[in-house]
Amino acid sequence: MKRLTAWILALIGVLLLPLHGLADVDQTARAEADAYFQGVFSRTKAIGGAVLVSQQGRRIYSFYWGGNDKRVSRPVDDETVYKVASVSKLVSAVGVMQLAEAKALDLDAPLIYGEGAPVRNPWYPDAPVTLRQVMSHTSSILGDAPYNAAPRWDREDVLTRRYFAKREPGSQYEYANLNGGILCSAVERASGQSFNRYMAEHIFEPLDINGAYAAHLLPDPSALSGTYMNDGMLYCSAEKYVQTDTADYDDICAPDAHYHTSAGSLYISLSGLEKIGQVLCTGAAGEKRILSPQGAEMMRADQSRVSGSSVTGSSPYGLCVYRFEDENGVIWYGHQGRWEGLQVDLFAEPDTQTVVVMVMNGVGRSGAGGEVDAKFLRALQHISPWLEAPGLADDGLGFEVEDEWMD
């Protein structure tokens with residue numbers, strides 16, 4: 001699957017090599033791409049999926065395959081909705097960053113639970129655990145820490161055994177799903193709303209995104225796809241997602257109970273993922289601004305370089321945003337999601353505001369976390385030559401991080 005991902009992105013790069021700025025993909029190249037993707041999706045027996053590429057908010061290539069189930073009862077299109085696994089963390093982090101910009105959250109303040117008790121690593125009780133550490137995966141929380149239920153923050157014996165590594169918070173990277181789950185608790189505590197309601201009112205509704213953290217709360221549940229396993233067997237149907245979430249999800253503000261929702265429970269449309277990629281580039285999608293440009297930059301930044309940061313060690317993550325440099329020195333930002341046979345990729349290159357979304361359903365299970373395979377990195381060198389967008393410096397979207405944000 002990693003090799004397939006690299007091949008797909010390599011082809012996109014080859015197709016777009018002649019492009020400059022926002023030139024259209026010519027019809028011959030488009031036909032060749034469509035034929036190639038048809039072959040790939042067919043050979044891998046994908047149930048459904050898509051590849052979307054946009055630049056400066058304008059779609060320059062798209063390919064769609066199959067449907068939301070084996071019957072193709074609804075063909076895949078821009079509004080097809082998937083449960084996007086760990087890409088949820090990146091989207092959830094946009095809500096956290098929005099509250100941080102509004103001064104409702106302090107990324108470097110100690111995390112609290114209950115009536116205000118601080119979350120502590122028992123090995124380092126005097127070193128606070130912070131949101132910035134959580135979002136950069138340097139919190140010292142163990143990668144295999146359980147996250148399906150509220151942690152026992154009041155039980156030091158449980159914390160020592162199940163949750164924390166013997167290292168100072170902020171000092172070392174280790175990817176943990178519980179880090180992503182903590183975001184839900186922080187947003188609910190700061191906003192006084194359920195996490196889903198906050199994200200709907202402040203992110204999804206302004207951007208006209210069909211998205212929710214429970215299937216039955218989607219504005220249009222009929223667009224939802226089921227999830228398939230790597231052998232093509234059904235893991236969970238759209239109908240089952242709706243039934244299960246209706247029974248299990250309590251859409252209330254309960255900061256000490258919700259530690260799973262923001263880690264991997266987001267349902268969102270393909271076009272919605274594309275808009276989130278645009279927000280990651282500039283803070284806005286179209287005419288709708290969600291973050292300041294500096295806020296978007298902060299999400300992408302190396303947190304150990306931020307002035308006054310509680311993160312001291314290096315990490316490949318900004319604020320739930322994985323970053324890497326390809327062989328041509330181009331830096332990409334985003335997240336991957338993997339669950340059973342579903343693969344979701346959302347990556348952006350902010351200098352040219354290029355966004356790539358790729359979803360394949362029922363075609364294999366790849367590595368967990370947000371790591372990007374070496375073959376994927378090498379494939380991106382083919383895209384670098386056309387990553388030019390003249391005029392960005394003149395349209396008010398180019399910026400540098402202000403001194404108070406970064407050293």
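Visitor: Which exposed residues does the face of α5 turned away from its buried side carry?
Guide: That face carries E156 and R161, where exposed stands for over 50% relative accessible area, buried for under 20% and partly exposed for the range in between, with a 1.4 Å probe and protein chains only. The model is a predicted one, in which local features need pLDDT of at least 70 and side-chain atom pairs count only at pLDDT 80 or more, while totals for chains, interfaces and linings use all residues. Residues are numbered from 1 along each chain as its sequence is written, and side-chain values use heavy atoms, with hydrogens and water left out.

Visitor: Why are the buried residues of α5 said to line one face of the helix?
Guide: In α5, residues 156–163, the buried residues are V158, L159 and Y163. Seen down the axis of α5, they fall within an arc of 100°, and therefore they line one face; the arc is taken over the directions from the helix axis to the C-beta atoms.

Visitor: What covers the buried residues of α5?
Guide: The cover includes β6 (120–121) and α6 (177–191), contact being heavy atoms within 4.5 Å. Helices (H or I, at least four residues) and strands (E, at least two) are DSSP runs, numbered from the N terminus.

Visitor: What makes β2 and β14 edge strands?
Guide: The open sheet has six strands in the order β2-β1-β17-β16-β15-β14, with antiparallel pairing, and β2 (58–66) and β14 (322–325) each pair on one side only. Pairing requires that DSSP find at least two bridges between two strands; β14 and β15 (residues 331–339) are joined by four.
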